Amino acid sequence: MVNKYLYLYIMLRILAYIFAFLFSQIFSFCLVAVYHMAVKGMTAEAFFSNQSLRQQAIPLAITLLVVNLVIIAFLFVVGLVRKTCLRNTVSGRTWTFSLIGVVALGVGLGFVSEVFNFSDGGTTDMFSYMTNSPLAIVSITIVGPVFEELICREGIQRTLRERGWSMQVSIAVASSLFAVAHGNVLQGISAFAAGFYLGWLYERSGTALLPIGAHILNNSISVALLMLFPTPIEEQVPLVAQIPIGIGLLGFSVYCAKQT
């Protein structure tokens, strides 16, 4: 009987994290949609057009910034996130290899994705719009990563591990949610791989601070590259060189992960 109640408690916790994750996305989008359609008089057809959705990127990012901060505070208050999870218990060597590895992983995935020509569903265009707003940049590079790591790693992954699930399965489950939330094939595949790397860092360090730092660095570099190079760097490299460069960087990221 005790095991049944414990299992129910664990499942309810997992559902709470998933609900918080989905609520953040859906509620923020609905707020932006209601404001434009009810207050500004925009028709639903106009709002949901591709051009309009790209233009709503900045309002959506700023709304997410506020909503995510509120949810983060709520998670700490109700105890779904440990107050000790942000303690720095990691050595300088581990930080160095972790951050170098996440950069290699991000760039390597970019090269491999370019070879297979996956569509990003307009995500790059939306991010380009967001770079025009300092608050949107903060949302993408800082608050978003903190929120996602607290939900996926400190929340779901830790809960599954406490239930006795294996490290690999726990990381895979958390990474799958992380991937699905990105909404398209290209972002999903990259997010799953990144999620696995970040989950490994969480396991190795025992603190959410390390994957948060790596996630912030990854997003910050992505935003900086968008601002500095309108044309992705991968597209400027000959196709014949993209696969070996991508595979080499991915292999190097695995090496870095093993050094943590």
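The sulfur of Cys85 lies 13 Å from the closest cysteine sulfur, that of Cys152, which is too far for a bond. A search of the whole structure finds zero disulfides, a disulfide being a pair of cysteine sulfur atoms within 2.5 Å. The structure is a predicted model, in which local features need pLDDT of at least 70, side-chain atom pairs count only at pLDDT 80 or more, and totals for chains, interfaces and linings use all residues. Residues are numbered from 1 along each chain as its sequence is written, and side-chain values use heavy atoms, with hydrogens and water left out.

**Cysteines**

- Cys85 is buried, with a relative accessible area of 1%; buried means under 20%, exposed over 50% and partly exposed in between, with a 1.4 Å probe and protein chains only.
- Cys30 is partly exposed, with a relative accessible area of 38%.

**Helix H7**

- Helix H7 covers residues 134-162; helices are DSSP runs of H or I with at least four residues, numbered from the N terminus.
- At 1.5 Å a residue, the 29 residues of H7 should span 42 Å, and the distance of 39 Å between its end C-alpha atoms agrees; the expected span is 1.5 Å times one less than the number of residues.
- A kink of about 40° is found at Val143 in H7, shortly before the proline Pro145; the bend is the angle between axes fitted to the seven residues ending at a residue and the seven starting there.
- H7 is mostly covered, as 22 of its 29 residues are buried.
- Gly164, with a positive phi near 105°, follows H7.

**Helix H8**

- The 14 residues of H8 (residues 167-180) should span 20 Å at 1.5 Å a residue, and its end C-alpha atoms are 20 Å apart, which agrees.
- Among the buried residues of H8 are Ser170, Ile171, Ala174 and Phe178.

- Leu99 belongs to helix H5 (residues 92-116) and counts as partly exposed at 25% relative accessibility.
- The C-alpha atoms of Leu99 and Thr43 are separated by 45 Å, the two residues being 56 residues apart along the chain.
- Leu225 is part of helix H10 (residues 209-228) and, at 31% relative accessibility, counts as partly exposed.

Note on methods
Helices (H or I, at least four residues) and strands (E, at least two) are DSSP runs, numbered from the N terminus.
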